[in-house]
Structures are given as structure tokens and as C-alpha cells.
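Subject: Structure handover

Hello,

Here is the structure for you to look at. My notes on it follow below.

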Amino acid sequence: MANGGPVEHGYPHLETVRAAITALYKRLSYDTIHSFSASVAPADVAFCDTDDLHLGAQRVARELVRHYRLPDARMIVGFREMTHAANVELTAGPEYFVELNDRFRSHRRDIGAALAHEVMHVYLHRLDLSFPGTRDNEILTDTATTYLGAGWLLLDAFREDAASSQKLGYLTPEEFGYVLAKRALVFGEDPSVWFTSPQAYEAYTRGMAMARRDEQQPPLTAAGWAGRRRYARDRRHAQDHAPASHPETPYTFTPDGRGPLRVTFPCPTCHQRIRVPVKGRMRARCGLCRTVLECDT
Ligand SMILES: [Zn+2]
Ligand SMILES: [Zn+2]
């Protein structure tokens, strides 16, 4: 887990974040994803500066192991001077050694956030789910942590004032907010009440607006007027000529030339690509996350 540096904002990793959500649904299945309908409760990972450091860290790690349902995994948490915020040794287990940066000795309330990320590394390691390259794999880890109910801790560790800022994890605050919002929309959850950091709350609000936008893209009927107009023009073009590909639109028409026209677009929940015939109003169901989609193709 990275540490320090200026806080990056916006959505620079959005494509990888979305690919991570799709990969999670593919690897875990709808049923397993839905067994994570409850998030880690604030009281279960609370840690104050008067708690015993080592006993407290072990307790929080146990709670995360329980949350992710890693039955026989045991986390041994230690502290040392290091450049990174935290690290875990990925072995066959059942014991895993987690190292936390010495600074957590005096920032105990963020230990839950750091452990949420490190224990997720163990979870994904046991699933044998990874993305190639450190950057993408860390984005997968943060996205999975958040989608499965422990990532609100990472976003809440983002704090800024006039003198300093701090953030944990590889996603930007807005990207954490986005994944958290996508989770909230699936499970009907309101994580905003758990935030202690006002900056985390703001990032969640922005992320929610972004997640809502995914649900308002054509050919979904919830698309706005401008989007629908653009879609109708692109469809006309695809019917008359070979379909042009617009990298800025989320949908594509196929095939070029002969045969009935079809449109492919990302599922607003899991981002798996869905293909349906172009034939007006219809209802489609995502085969991966089972979201029912009202479309006007
Ligand atoms: Zn990591
Ligand atoms: Zn889906």
C-alpha cells in the first residue's frame, strides 16, 4: 500500500476500476457478491489511541478476516519503519504476516483502513484473482475492498486541512466514492453516515453523481435528452452506412452492412458488455449481475 505524496483527484483509473468490478462478478458470482450485503460496521473496527496497539491491531485484523470469510486465515500484525504504508506477505498460509508503517502507532484510527486493504490482498490471492502489473493489481485490490464492504474505511482515511493531507490506497478519493456509490446502489446502503472525514463525504457525493451517470447512458431509457438525440443520430448512421466507432460513446453498433443491427453497451452495474437487437423499447437482463435494464434501442 502506497504512502504519502500529493493527493491525486478525479478519475484517472476509471477504466481499470470498472474492469475490476466486472472481474469480481465473474470470479465470485452473483450469489457470493450478494453475500456481502452488510458492510464492516464502524464499531467492529473502531480503534482509539488508548487501546493496546498490538492487541487492538490483531482484533481489527480478525474482524476483517471474519468479514471476508477467510475461515482459517490468521493475520500476524507487526509495525516497522518502512516507506510504504503497509505490506502483506502472500504465502500459502494459514498465517499471513502483515506489516504496518510505524506511523500507525500514533494514527491508530487508520489501522482498520490499512488492514482492510492488506487482508483483501490475502482474499484475492486465495481466489487466484489478480490483474497484471502492480498498479492495476492495487486498483483491483482497492476496488474489491470497497465493493465488498470494507473500503469506506479507506475513503474515510482521506483527510485534508490547510496544513496537511493524507490518503490511503491507490484510488483517488472520487474513485473510492464511485465504487462505494455503486455498492450503495446495489445494496440500498447509505455509507455516508459512517464518515468522520468531511473530505471523504464530499468525495462520496461526487462519486455518487458519477455512478448515477452510468445509469443514464443510452440506450437505457433513463438517458437524458441530449444522449438520446446523439444515440438516434448514431443509430441512423449505422443503419445507412458502416457503423462509425465513437470512442467517446459507451455503445457500439454491429454488424457493419448485412444482418439485423445490434447495439453493445456496458451494464451500468457490473460493466459487462451487453448486446441486444436494435428494435425499440425492450427489457434486457444482465447475465452476470442480473440487473434488469429498461432500454430503448
Ligand atoms: Zn496493496
Ligand atoms: Zn451487469
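Phe36, Tyr68 and Tyr123 form one aromatic cluster. Rings of Phe, Tyr and Trp (its six-membered ring) pair if their centres lie within 6.5 Å; planes under 30 degrees apart are stacked, over 60 edge-to-face, and the rest tilted.

Some ground rules. This is a predicted model, where local features need pLDDT of at least 70 and side-chain atom pairs count only at pLDDT 80 or more, while totals for chains, interfaces and linings use all residues. Residues are numbered from 1 along each chain as its sequence is written, chains are lettered from A and ligands numbered from 1 in the order in which they are written, and side-chain values use heavy atoms, without hydrogens and water. Helices (H or I, at least four residues) and strands (E, at least two) are DSSP runs, numbered from the N terminus. Buried means under 20% relative accessible area, exposed over 50%, and partly exposed in between (1.4 Å probe, protein chains only).

**Aromatic pairs**

The structure holds nine aromatic pairs. One of them joins Tyr11 and Tyr178. It is edge-to-face, with 6.4 Å centre to centre and 80° between the planes. Tyr11 sits in the segment before α1 (14-34) and Tyr178 in helix α7 (residues 173-187), so this pair ties together parts that are 167 residues apart in sequence. Tyr11 is partly exposed, at 26% relative accessibility. Tyr178 is buried, at 0%.

The rings of Tyr68 and Tyr123 have centres 5.8 Å apart and planes at 40°, so the pair is tilted. Tyr68 belongs to the loop between α3 (53-67) and β1 (74-80), and Tyr123 to helix α4 (residues 111-127), so the pair ties together parts that are 55 residues apart in sequence. Tyr68 is buried, at 1% relative accessibility. Tyr123 is buried too, with a relative accessible area of 8%.

**Charges over rings**

A charge sits over a ring if NZ of Lys or CZ of Arg is within 6 Å of the ring centre and within 35 degrees of the ring normal. Arg69 lies over the face of Phe36, at 4.3 Å from the ring centre. Arg103 lies over the face of Phe104, at 4.8 Å from the ring centre.

Take Val60, in helix α3. Val60 is buried, at 0% relative accessibility. Leaving aside neighbours within four places in sequence, Val60 is in contact (heavy atoms within 4.5 Å) with Val45, Ala46, Phe47, Gly112 and Leu115.

Helix α4 has 17 residues. From first C-alpha to last it reaches 24 Å, close to the 24 Å expected at 1.5 Å a residue. The expected span is 1.5 Å times one less than the number of residues. In α4, 15 of the 17 residues are buried, so the helix is largely enclosed by the rest of the structure.

**Helix α9**

Helix α9 (residues 225-240) has 16 residues and should span 22 Å; its end C-alpha atoms are 23 Å apart, which agrees. Which residues of α9 are buried? They are Tyr231, Asp234 and Ala238. They cover an arc of only 70° around the axis, which puts them on the same side of α9. The arc is that of the directions from the helix axis to the C-beta atoms. On the other side of α9, Trp225, Ala226, Arg229 and Asp240 are exposed. The buried residues pack against β6 (252-254), β7 (262-266) and β10 (292-296).

**Backbone points to check**

Most residues other than glycine have a negative phi, and most peptide bonds are trans. Now the exceptions here. Arg69 is not a glycine, yet has a positive phi of about 55°. It lies in the loop between α3 and β1 and is partly exposed, at 44% relative accessibility. Asp128 has a positive phi near 60°. Asp128 is in the loop between α4 and α5 (134-147) and is exposed, with a relative accessible area of 67%.

The peptide bond from Gly93 to Pro94 is cis, with omega near 5°. Pro94 lies in the loop between β2 (86-88) and β3 (95-101). The bond from Pro218 to Pro219 is also cis, with omega near 10°. Pro219 lies in the loop between α8 (198-214) and α9.

**Cysteines**

How many disulfides does a search of the whole structure find? Zero, taking a disulfide as a pair of cysteine sulfur atoms within 2.5 Å. Cys270 is buried, at 0% relative accessibility. Cys289 is buried, with a relative accessible area of 4%.

Best wishes
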